[in-house]
Amino acid sequence: RDFEEITSYDLPEGFTGDLRPYQKSGYDWLRFLNEYHLGGCLADDMGLGKTIQTLALLLSRKESGTGGPSLLVMPVSLLYNWANEAEKFAPSLRLLVYAGTGREKKTGRFEDYDLVLTSYGIVRLDIDILRLFRFDYVILDESQAIKNPGSITTQAVQQLNSRYRLILTGTPLENSAMDLWSQMTFINPGLLGNKSFFQKNYLAPIEKNRDEKAIQRLYATIKPFILRRHKSQVAEFLPEKTESIHFSTMTDDQAELYEKTKSKFRNLILQHIENEGLAKSQIVLLQGLSQLRQLANHPRMIDSQYTGDSGKFRDVFHKMETALSENHKILIFSSFVRHLDLFRRKIEELGIQYAYLDGSTVKRAEEVQRFQENPDVRIFLISIKAGGVGLNLTSADYVFILDPWWNPAVEAQAVDRAHRIGQDKSVFIYKFITKNTVEEKILLLQSKKKALASELITTEEGFVKSLTNEDIMALVE
């Protein structure tokens with residue numbers, strides 16, 4: 001009742017970093033939530049320092065003497081990153097990485113630590129043990145991992161026992177408003193009602209009718225518990241970013257194969273829609289679009305016997321060689337591991353050193369370290385799904401996006417690996433698009449669906465579900 005404004009809190013004495021003004025505001029907000037026993041979602045854009053703000057909060061709990069062991073849950077790929085950052089900014093925090101097959105499954109030992117780092121997979125496996133321990137904080141990083149209320153992961157983390165709860169994510173909504181319900185229910189149970197109440201009062205009106213009043217009501221309810229700052233708001237702390245689209249032309253062989261495949265799929269898709277309806281044709285549509293996207297990149301991705309060239313492949317290599325000759329470091333992102341393989345083989349032929357990361361890479365941390373610290377490793381090939389979040393790659397100043405993703409937000413997250421706090425160089429982003437292909441049409445659809453995408457969808461399936469008959473016709477024309 002007496003609340004007027006958020007207090008400015010002192011930073012913990014053992015904190016070894018500097019917080020920029022907006023990060024200090026974030027820290028103050030986290031302390032405010034703690035004081036009033038509220039759960040919160042720190043949803044700053046990628047690269048704006050959610051990690052450092054959270055570490056400052058946890059260190060303040062240790063120094064106040066009122067805290068206890070806290071649990072931080074994340075995708076397994078981020079364990080190294082968090083351990084590294086904690087050592088750097090909060091060295092007095094006693095840290096335990098609770099992961100791996102050899103982990104000692106005794107929660108009593110948590111009492112000897114201030115912060116326990118673990119993964120969503122381990123929480124799923126060990127929930128019967130973990131739920132018996134009362135933590136000070138349970139914090140979920142990349143909390144979109146619990147967007148599905150029915151998943152085993154969501155059900156497991158809901159059982160964790162703690163005094164306070166926080167979530168960290170750059171994308172609180174990915175597919176549906178239901179993602180938001182699941183995450184807000186974790187931090188503040190009951191705030192948005194139970195699942196059926198939320199579906200009736202928010203989900204149906206927003207997603208079926210685009211009901212503005214329902215959207216405003218939802219945002220008004222959750223606003224006090226979400227802190228989200230966009231890069232545009234803190235631009236003064238970031239170096240300049242220049243984005244450009246590079247249009248490539250298909251070779252004659254490539255164009256011939258593309259047209260032949262497009263005709264085949266257009267007939268197949270239209271026939272399927274006529275017989276089965278739009279909703280049941282999404283798999284066929286996805287398969288067709290995926291093949292056309294790959295042909296626009298390089299026909300060898302779907303036909304190993306293809307001996308011709310690819311216009312885009314040639315253009316990317318030319319741009320890459322120019323950047324290397326000027327001593328730049330480059331991140332190269334693709335949606336397709338096969339596409340990365342083609343570049344990998346060519347780079348190896350030329351004897352160029354590179355780092356590589358896709359979903360099957362085991363030693364992610366070593367690859368990141370090699371790229372960041374070795375001046376001779378100047379190319380990093382990355383699968384956009386495996387490396388689009390959680391990596392700090394500020395030694396790069398060029399970013400190549402090899403194929404357009406359905407939602408620009410996913411591309412933006414990839415760019416944020418380099419264009420983030422700690423970057424001291426201007427960053428140049430090149431998006432490569434093959435003319436007269438489905439890629440060019442995806443660009444148009446991206447802008448057309450921008451409002452919907454920025455609010456609700458960032459996955460392939462979500463994008464396809466949002467397509468109308470007219471959109472599909474435009475894509476396969």
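Let's start with a pair of helices: α11 passes α12 in a right-handed crossing. Keep in mind as you look around that this is a predicted model. Residues 311–325 make up α11 and residues 337–349 make up α12; their axes come within 12 Å and cross at roughly 50°. An angle under 35 degrees would count as roughly parallel, and 65 to 115 as roughly perpendicular, so α11 and α12 are oblique to each other.

Which residues make the contact between α11 and α12? On the α11 side they are Lys 312, Phe 313, Val 316, Phe 317 and Met 320, and these meet His 339, Leu 342, Phe 343, Lys 346 and Ile 347 of α12.

From here, follow α11 to the strands. It lies across β8, β9 (330–334), β11 (379–383), β12 and β13, and its direction is at about 165° to β13. Another helix to find is α15 (residues 408–415), which lies across β8, β9, β12 and β13 and runs at about 150° to β12.

Now for the sheet itself. Strands of a sheet pair through backbone hydrogen bonds, in either a parallel or an antiparallel fashion. Here 6 strands build an open sheet with parallel pairing, and reading across it gives the order β8-β13-β12-β9-β11-β10. Which strands stand at the edges? They are β8 (241–248) and β10 (355–357); each has a single partner strand, so one side of each is left without a neighbour in the sheet. On average, neighbouring strands of this sheet are turned by 15° against each other, direction ignored.

Strands β12 (residues 398–401) and β13 (residues 427–434) run parallel and are joined by 4 bridges. Phe 400 has Tyr 430 of β13 as its bridge partner.

Finally, move to strand β5 (residues 134–141), where you will find Val 138. Is Val 138 buried or exposed? Its relative accessibility is 0%, and because buried means under 20%, Val 138 counts as buried. Leaving aside neighbours within four places in sequence, Val 138 is in contact with Leu 71, Leu 160, Asn 161, Ser 162, Tyr 164, Arg 165, Leu 166 and Phe 186. Val 76 is 62 residues from Val 138 along the chain, and the C-alpha atoms of the two are separated by 16 Å.

Notes:
Residues numbered from 1 in each chain as written. Predicted model: local features only at pLDDT ≥ 70, side-chain atom pairs only at ≥ 80, totals over all residues. Heavy atoms only, no water. Axes fitted to C-alpha atoms, helices over the stretch in contact; angles between N-to-C directions. Helix = DSSP H or I, 4+ residues; strand = E, 2+ residues; numbered from the N terminus. Parallel < 35°, antiparallel > 145°, perpendicular 65-115°, else oblique. Left-handed = near helix turned anticlockwise from the far one by under 90°. Contact = heavy atoms within 4.5 Å. Buried < 20%, exposed > 50% of the residue type's maximum accessible area, 1.4 Å probe, protein only. Pairing = 2+ DSSP bridges.
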